[in-house]
Amino acid sequence: MNGSGEIKGGWVGKILRIDLSKEQIKEQPLDKELALEWIGGRGWAIKILWDELEPGIDPLDPENKVVIATGPLTGTIVPSSGKVVVASKSPLTGGYGDGNIGSHLGHMLKMSGYDAIVIEGRAKKPVYLWVTPNEVEIKDASHLWGKSTFETEIILREDHGNDIGSIVIGPGAENLVKYGVVITEYGRAGGRPGIGTVLGSKRLKAIVAHGWNDIPMADVDSAFDLAYEIRRYLMSNSGYRKWVEQGTMMTIEWSQEANVLPTYNFSEGVFDEYMNIGGETMAKEYKLLKKGCFSCAMPCGNLTVARFGPFKGTWAEIDYENVGMLGSNIGVGSMDNVIKLNRIADEAGLDTISLGSAVGFAIELYKRGIITKKQTDGLELDWGNMDAIITLIDRIVKREGIGKILAEGVKKAAEKIGGEAIKYAIHVKGLEVSAYDCHAAPAMALSYGTSPIGAHHKDAWVISWEMRYGREKVDRNKVDKVIEFQRIRGGLFEMLTVCRLPWIELALDLEYYPKLFKAITGYDYALDRFYFIADKVYNLMRVFWIREYGHWKREYDYPPRKWFEVPLSKGPMAGMKLSKEDYDRLLDMYYEARGWDRNGVPKISTLEKFGLTDAIKVVEKISTK
Ligand code: PTT
Ligand code: SF4
């Protein structure tokens, strides 16, 4: 490791560099400053992409890079530490994009001696990457290309054994559908802003690792005691049982009650058939097994099987977002059908959120007469019409007819279709909105509007707090909550690269994380220090977007137009829509709290505070335009 003084644990000390065009494999010592000042995961991803990408590069150009990054706690005895960040310049949004996937890849990589992989170039033919402590190899994947993610994983396990960590892409990403994700272990997905698609453009079908070296820890006794204490706390928590029975699926019933369940392309907020697709029904009638990521003491994966109708016997892993977007949002009110659609999305390697949004968008346009049967090549689109929906998804995966337009994401599809279409495209900055309707939830709308990757709930899921606090209120407390969550969820957890659910779902004390960090790495960081670094990361992500766009507009931080213009049509909040004036007030307060100007551009003084000198040059350049 570069820099003076040895790091005693957590980070393993090397970054793997792969150039697929040159078929070159290199190792680089982990820079100590990168470790201590940018921590890992998202922190490293943005720093590397910022430093190394040619500004304005086409995301599907071979020179775009994909960063696969672990954090100092990943893969250790820390509970729920089986996470890994996948990041790149997004082909869906044109800005910074990342995702955090629960898999065995993170600890297998670290046990192979690597904290991160940076991939660039484009292979001449399909390949996959094989990583162990003894060898790193770019291997032929011609036999895997065109295969579903599940088939691919099966073959990789036949060839390399079961004791591997992997991420793979499916035919959707190979065909450059812009919301291709990476899939692992038959049903975990990551990289919503098209990180799988970037791998597809590089002809990299999979990354597979098998490691066996220990991950060093500065103070094994303390790390063990803390991990043991946390496990005991989690497993004796009063919410534990329901959590392992339902996981995130319990949110369906909650969202219905709160009038925020995405229904008919974010029109209604409640769904008559919500019980059929809810957490209770899933747990009692459809759940076969619970699955968990590496080292998790509170496994939340719901492996479910369709039991009735034409798809009987089909299985898929489902979560709240999957069911909200490929269920109520497209009018599908049967768990059997929802399981089938999720299986299709997982096998194709497409993000269920963007896919559900694209399908809902197309159905709404069709029903409003904005697109016609001629444009859908004879498909009669309707809510819940499984035959039409399955055919439409197949066309998206293959980029045929209307599928080719929808494969670009709803923003670009709306621009192409023209007219009123843009009013029904539910996205922020080109990333489709995850499964919370915000017609009557202004703080959550702000969270989507200011998320650093486009409309994802991962950074600031403030909606349940907002319901308790008062959904109608428009004040500084809402802004502060969004920023607090962005620091914790989007900063602390994305940099340590461990699962946030022990904290958010079972109220694990956040103070455990600095303690774990100290026990594993030997470094004593207070939470405030992590938050300072998180703010630095947020500022750099923002300037990355500005650099790539070459300009910035306040309206890029607005939630979807539909929430301002078309009121909710059902449920206790029927008639509600977001007030533009209120949203602008929240946005002004947000910019002020972040030290950004009224267009959302970081002020020079803010960037100076974080020592982001290169970013200052970008901001100065656009302000003189
Ligand atoms: C995340 C997004 C989510 S968030 C879900 S369900 W969720 C969807 N899952 C998909 C899927 O499955 N298949 C598919 N083809 N597309 C999918 N798209 C959607 O992707 C497991 C959990 C979950 S379940 C969540 S909220 C938490 N996310 C965390 C996070 O982001 N960071 C962190 N430190 N901890 C987290 N813990 C939780 O992990 P993206 P995963 Mg995901 C089948 O990556 O790009 O952010 O997309 O990784 O392991 O599946 O998440 O109600
Ligand atoms: Fe994975 Fe769920 Fe455990 Fe988090 S709580 S580590 S997402 S199984």
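This report covers a sheet, a cavity and a ligand site in a predicted model.

## The six-stranded sheet

Six strands make up an open sheet with mixed pairing. Their order across the sheet is E2-E1-E6-E3-E4-E5. Strand E2, residues 24-29, and strand E5, residues 96-102, are the edges, and each of them pairs on one side only. From one strand to the next, the twist averages 15 degrees.

Within this sheet, strand E3 (residues 66-69) runs antiparallel to strand E6 (residues 116-120), and four bridges join the pair. Val66 has Ile119 of E6 as its bridge partner.

## The ligand site

Around ligand 1 there are 33 residues, of which Asn100, Ala189, Asp346, Asp351 and Glu494 come nearest. By class, this shell divides evenly: eleven residues are nonpolar, eleven are polar and eleven are charged.

Several polar contacts involve nitrogen atoms of ligand 1. A side-chain N or O atom of Asp346 is 2.7 Å from a ligand nitrogen, and a polar side-chain atom of Glu494 is likewise 2.7 Å from a nitrogen atom of the ligand. Thr352 takes part through its backbone, where a polar atom is 3.1 Å from a nitrogen atom of ligand 1.

Which element gives the most to the shell around ligand 1? The answer is E5, with four residues.

## The cavity

The structure has one cavity of 30 Å³ or more. The space in this largest cavity is about 70 Å³.

Its lining consists of Lys429, Thr450, Ser451, Pro452, Tyr538, Met541, Arg542, Trp545, Trp552 and Trp596. Helix H22, which spans residues 527-549, provides the largest share of the lining, namely four residues. Six of the lining residues are nonpolar, two are polar and two are charged.

## Summary of the main points

- Strand E5 gives four residues to the shell around ligand 1.
- The side chains of Asp346 and Glu494 each have a polar atom 2.7 Å from a nitrogen atom of ligand 1.
- The largest cavity holds about 70 Å³ of space, and helix H22 gives four residues to its lining.

Notes:
Residues numbered from 1 in each chain as written. Chains lettered and ligands numbered in written order. Predicted model: local features only at pLDDT ≥ 70, side-chain atom pairs only at ≥ 80, totals over all residues. Heavy atoms only, no water. Pairing = 2+ DSSP bridges. Helix = DSSP H or I, 4+ residues; strand = E, 2+ residues; numbered from the N terminus. Axes fitted to C-alpha atoms, helices over the stretch in contact; angles between N-to-C directions. 1 Å grid on protein atoms, 1.4 Å probe; cavity = no way out; pocket = protein on both sides within 12 Å on 5 of 7 lines; lining within 4 Å. Points joined across faces, edges and corners; volume = space filled by probe spheres on them. Nonpolar A, V, L, I, M, F, W, Y, C, P; charged D, E, K, R; others polar. Near = heavy atom within 4 Å. Polar contact = N/O pair within 3.5 Å; in protein donor to acceptor, adjacent residues only side chain to side chain.
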